[in-house]
Amino acid sequence: MSPRAIHFGRWTAAGLLRAAGVVRARSRARRLGGRWGIVLRYHRVIPREEPPSDYRMGIDEDLFREQIGWIAEHMRVVDLEEYLSWAASGKTPDDDLVVITFDDGYRDNLTHAAAILEDARLPATFYVTAACMTERMPFWPETLASILRMAPPRSARVDLQGGALDLSTQDEARRFESCHALIARLRRSPLATIDKALVRLADAFSVSIAEARAHTPPVLSADDLRALSSRFRIGSHTVSHAYLPAESRERQRHELFEAKRMLEEAIRAPVLDFCYPGGGNDETSRRLVSEAGYRSATTTLLGIAGPSDDPFAIPRIGIGEALARGPSGRFSGALMEAEIRGVFMDLYRARRRARAVP
């Protein structure tokens, strides 16, 4: 079945399930079972005028505005601190608690997302990569995509850890495939390995890394961060956006402790919450997060949170364009509700459990 057909089916099912009262009923049952924290995960809010990219970690500003308007009208949105208080209390709220979070530290979080959130009077937490304040682009997938976008039409074999990869920029489709094949290969690698891979990629396609970095979306400066912190909660996302389990214990300590120090010095306020880049965490990284003085940490693990969760491994729901657009391309409140209340997630897991029974 094609992705378009699958999406149409989800949109149709969302409308029928909401009309039949199934969405609310499943939400109540789940909440009584101790799962009521809907922690939403955003990255960028992309300006209308920005050209398309092979790496698009975000949603259009118009769709974001529609999503936030719907969330403000239909959901109970709380600050991360309030969610953590509820989780620690052991009490069950009378409705799902929604927490809005952003990862990485793109500048459009300040220039576009902040204004939309303020208009809706909603709180949010922004997990910021501390190197944003000193480096223009610490996010290697953006640099990777920029190298391929600037490359002349050609094919190349690039030697990488784990084996060589055949890449092509002959046309838009093959460039897109090359970009995402590289990201998939590198996403759980140490930063040193990623840096070497970017050098080899740039050499293979005769592109300057410095020039590629200059053509990536801007990130938050120290002044931007201070402006954002005056209105919203700031969390840490390491110094360099490192996938922690791939790094040595010493490097993990540096990424966690130094990021906290840098961010607190910049905003002149405590930074108490953390987010694992790429969702990467293990027993060592969770212990180090606690030792660094953070009180919570969120992951990319898909799920609805509750008081039984480890506060240093809180699940979230990633929000993208496909999760709220109907077949016409317009915003769909029914689809949005079914997605963020976890109805499709619950049905999918129930189906997997049923298949696993012999």
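Reply: Asp309 sits in the loop that runs between β11 (296–302) and β12 (314–318). Helices here are DSSP runs of H or I with at least four residues, strands are runs of E with at least two, and both are numbered from the N terminus. Bear in mind that this is a predicted model, in which local features need pLDDT of at least 70 and side-chain atom pairs count only at pLDDT 80 or more, while totals for chains, interfaces and linings use all residues. Residues are numbered from 1 along each chain as its sequence is written, and side-chain values use heavy atoms, with hydrogens and water left out.

So what does Asp309 touch, leaving aside its neighbours within four places in sequence? Its contacts (heavy atoms within 4.5 Å) are Arg35, Ile304 and Pro315. Met345, by comparison, is 36 residues from Asp309 in sequence and 18 Å from Asp309 in space, C-alpha to C-alpha.

Now for the helices. Axes are lines fitted to C-alpha atoms, for helices over the stretch in contact, and angles run from 0 to 180 degrees between N-to-C directions. Under 35 degrees counts as roughly parallel, over 145 as roughly antiparallel, 65 to 115 as roughly perpendicular, and the rest as oblique.

Take α1 (residues 3–19) and α13 (residues 333–340): they pack at about 85 degrees, with axes 8 Å apart. That makes the two roughly perpendicular. On the α1 side, His7, Arg10, Trp11, Ala14, Gly15 and Arg18 meet Gly333, Ala334, Leu335, Glu337, Ala338 and Glu339 of α13. By class, this contact has five nonpolar, three polar and four charged residues (Ala, Val, Leu, Ile, Met, Phe, Trp, Tyr, Cys and Pro count as nonpolar, Asp, Glu, Lys and Arg as charged, and the others, Gly among them, as polar).

With α3 (residues 61–74) and α5 (residues 108–119), the angle is about 25 degrees and the axes lie 10 Å apart. That makes α3 roughly parallel to α5. Glu61, Phe64, Arg65 and Ile68 of α3 meet His112, Ala113, Ile116 and Leu117 of α5, a set of five nonpolar, one polar and two charged residues.

Last, the largest pocket holds about 660 Å³ of space. A pocket, on a 1 Å grid over the protein atoms alone, is an open set of points where a 1.4 Å probe fits, with protein on both sides within 12 Å along at least five of seven lines, and lining residues have an atom within 4 Å of a point. Points are joined across faces, edges and corners, and the volume is the space filled by probe spheres set on them. There are 30 lining residues, with Arg41, His43, Tyr55, Met57 and Arg187 nearest the centre. Elements giving two or more residues to that lining are β1 (37–42), β3 (58–60), β5 (97–104), α6 (140–150) and α8 (191–204). The lining divides into 15 nonpolar, nine polar and six charged residues.
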